[in-house]
Every structure is written in structure tokens, then in C-alpha cells.
Amino acid sequence: MSARTALARPTRRGDTTPLSGPELWWDGLHHEDLPTVPQGHRITGVLLGPAPLDRTADHRLHHLTRHGVRDAVHALVLDRLRLGSRLLHEVRRNSGGRLGHLAVEVDPRCAHTPGQMLAAVRTLHRDVATDQLVPVLPATDAGLRAMRDALAEGLNAGIGPLHTTDRAQQALRFCLEGLEQAVDAGHTPPAALVSVGVGAVECAVDALLDRAGGEEAKALRGSVARALAQVIHEQALDTFDSPRWQALRDRGAPLPRLLWCEATAPGVPVAGARPPLAAPGTAVALRSAFALTKDLPSVRWSGAHYGDAHRTLSHLAWFSVPLRTISAALDARWAVTAATRWDRLAAQVTAVLDKGQR
């Protein structure tokens with residue numbers, strides 16, 4: 001079976017390829033959220049990062065007053081992973097382990113030191129005894145190398161958020177190298193994740209389109225997230241049909257999961273009412289209650305969709321919207337913003353621990 005069939009890619013001349021529904025992931029999960037999740041929810045995965053301390057934090061940190069801030073922050077991360085595991089228990093069981101992944105952001109403050117990031121991935125896998133864990137590394141050159149090395153050791157790992165088609169292709173090459181090394185070493189093939197910050201790209205582009213003005217620019221608003229996802233999706237499926245990927249799949253390695261992140265920035269929900277991306281064989285991370293109660297219909301992405309996506313991105317040049325420059329700036333800004341969130345959490349934990357020692 002080809003990668004195109006495995007991911008339910010429609011053919012360019014017909015529509016006979018069977019569809020596989022999209023996965024819905026919850027981007028962010030807190031203790032106060034869990035009681036509000038209805039039975040029969042549609043969530044199949046969670047994406048977790050550092051979150052501000054909630055009302056229960058003092059109680060949960062009380063027993064850690066003799067530990068350092070680093071250990072206390074790590075304990076909070078594990079606590080949220082256990083929360084996600086409870087939420088996804090039924091999904092994981094009913095899918096035979098195919099769904100129900102717990103993706104967690106690795107501290108980006110070591111984003112330029114591959115050794116530290118690899119050590120962080122090992123620590124998470126040591127402390128979280130589940131095959132569903134996927135530590136997500138920052139989208140830096142060092143993060144890509146650390147992801148490859150983690151996969152080579154048979155450890156689930158991911159990268160993101162990425163903001164360009166070129167970076168996504170590079171990430172898939174590193175996934176390929178790591179998975180090849182893993183199966184050559186006799187490891188059970190691990191799961192790889194590539195997340196793409198389509199919401200952040202669209203938000204930045206829309207701001208420039210608003211500045212340009214005019215009906216043509218207005219018509220492009222709200223279209224870039226979908227276009228970027230479709231171009232990356234098309235390129236990924238062509239990549240997965242290469243002989244090296246086919247050989248890996250024949251040896252039992254799963255294809256990397258493509259995850260569309262619709263948040264416009266860390267901790268900021270997507271603006272507007274654009275329907276979520278819903279390509280078959282991919283996953284979309286949402287921050288709204290839409291993910292909890294609604295059926296998300298699978299949208300068949302055909303050759304026509306891919307052609308329209310390429311044209312949409314090319315039309316940005318008409319309004320002097322430099323997509324490549326925007327994406328590079330987003331990479332830099334996301335790293336700074338994410339590091340700031342981790343610093344803020346560490347400061348809050350420090351205050352709680354200091355209060356408990358008095």
C-alpha cells in the first residue's frame with residue numbers, strides 16, 4: 001500500500017480513494033477543564049505546553065516545597081500529562097493505541113543545545129510510562145537533530161511549530177533518518193509528529209493584507225492557513241511515496257503525523273470563525289469547545305485544492321506580503337514567546353515554593 005492510500009489521499013483524476021477522518025486534538029488542557037468535557041467527545045489527542053498555575057496549584061505543589069523549581073515544574077508537566085491520559089483513556093483503548101497521543105512541549109530555553117533537549121526527551125519517557133507520549137522539540141536546527149536522535153533511540157518525538165513548507169520538508173527528512181536508524185537498531189518503530197503553526201502564519205499575513213487594503217487583498221484574508229496546510233500536505237504525501245519511506249513502512253514504521261496548529265500564538269486562540277482544517281489522515285489542534293462537541297467532517301483535498309493552494313500563496317506577492325520573511329520572523333518570535341511562558345511558570349512556582357517554606 002502506498003503512502004497516498006495509507007493517508008487516504010484522493011487521486012488527482014477521481015474520488016475513489018477511501019477517506020479516513022481527521023484527528024481532533026485539544027491544544028491546552030487544565031484541571032478545571034476535565035469536568036466540563038462531555039461524554040462522547042471527539043478529542044483524539046492533546047497538545048500541552050506550560051500553563052499558568054490554577055487554583056489547585058498551591059495544594060499540588062505543597063509536597064514539593066523541599067525540591068527545587070526545576071523539579072517542581074517537571075512535576076507539574078507530569079501532572080498535566082496524567083490529566084490528558086485520563087481524558088484519552090477510552091480513545092486509546094478503543095483504537096488499540098493508534099489514537100490518544102499526549103504531545104508535550106519540551107522546554108525551549110535549551111533550544112540551541114541538542115544534548116540537553118535529547119536528555120529532556122529521555123527524562124519524559126522515563127517518567128511517563130506510556131507509548132502515547134510524544135515530546136515536541138522546538139523548531140530549531142538543534143531541535144531537528146535532537147528529534148532525529150530521539151527517534152533513532154526508539155523514542156517518540158516531534159518538532160514544531162513550523163511555519164514554512166521548506167522547514168516541513170526538512171523535518172520530514174530528519175524523521176526519515178531517525179526512523180531508519182531506529183529500525184536498523186531493532187527498536188520498535190517510534191511515532192513522529194510534525195506540527196505546523198498555520199494559524200500564526202495566517203494571522204501575520206492577514207495583518208499585512210489589511211494594511212494593503214482593497215477588495216483583492218480582502219478576498220485573500222482567512223485563506224492562508226488552509227493553503228499552507230494543503231501545500232505541505234501535498235509535498236508530504238509525495239515525499240512519503242519515495243522508495244526509502246516505502247521501505248520503512250514495509251518494516252512497520254508509521255508515517256509521521258501532520259498536526260495543524262490553529263492558535264495564532266502560544267496561549268492565544270485562533271481568531272474569527274473559519275472552519276477548522278479537516279484533511280483526512282492528519283490532525284488539527286484546536287483551543288475552542290468546537291473540538292469537544294462537534295463532528296468535524298473530513299474534507300477531501302484533491303488536486304484542484306492543491307492547485308488553488310499554490311495560487312493563493314503566489315498571490316500574496318501582489319500585495320508585497322513576503323511569506324518567507326514572515327515565517328522566519330514567526331520562528332524567532334515563537335521561540336522567544338515560548339521561553340517567556342516557561343520563565344513565567346518558573347517564577348510562579350518559585351513564589352509558591354517560597355510561600356510554603358515560610
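**Exercise 1.** Leaving aside its neighbours within four places in sequence, with which residues is Arg-148 in contact?

*Solution.* The structure is a predicted model, in which local features need pLDDT of at least 70 and side-chain atom pairs count only at pLDDT 80 or more, while totals for chains, interfaces and linings use all residues. Residues are numbered from 1 along each chain as its sequence is written, and side-chain values use heavy atoms, with hydrogens and water left out.

Step 1. Apply the contact criterion, heavy atoms within 4.5 Å. Beyond the excluded neighbours, Arg-148 touches Phe-174, Glu-177, Gly-178 and Gln-181.
Step 2. Classify the exposure of Arg-148: its relative accessibility is 19%. Buried means under 20% relative accessible area, exposed over 50%, and partly exposed in between (1.4 Å probe, protein chains only). Arg-148 therefore counts as buried.

**Exercise 2.** Describe how helices α3 and α5 pack.

*Solution.* Step 1. Helix α3 spans residues 69–87 and helix α5 residues 114–127; their axes lie 11 Å apart, at an angle of about 55°.
Step 1. This angle makes α3 oblique to α5, since angles under 35 degrees count as roughly parallel, over 145 as roughly antiparallel, 65 to 115 as roughly perpendicular and the rest as oblique.
Step 2. List the residues that meet: His-74, Val-77, Leu-78 and Leu-81 from α3, and Thr-123, Leu-124 and Asp-127 from α5. By class, this contact comprises 4 nonpolar, 2 polar and 1 charged residues.

**Exercise 3.** Is strand β4 mostly covered or mostly uncovered? Relate β4 to strand β3.

*Solution.* Step 1. Strand β4 (residues 133–137) is mostly covered, with 5 of its 5 residues buried.
Step 1. Assign the faces: Leu-133, Pro-135 and Leu-137 are buried on one side, Val-134 and Val-136 on the other.
Step 2. Strand β3 (residues 101–105) runs parallel to β4, and 4 bridges join them. Val-104 stands opposite Pro-135.

Notes
Axes fitted to C-alpha atoms, helices over the stretch in contact; angles between N-to-C directions. Helix = DSSP H or I, 4+ residues; strand = E, 2+ residues; numbered from the N terminus. Nonpolar A, V, L, I, M, F, W, Y, C, P; charged D, E, K, R; others polar. Pairing = 2+ DSSP bridges.
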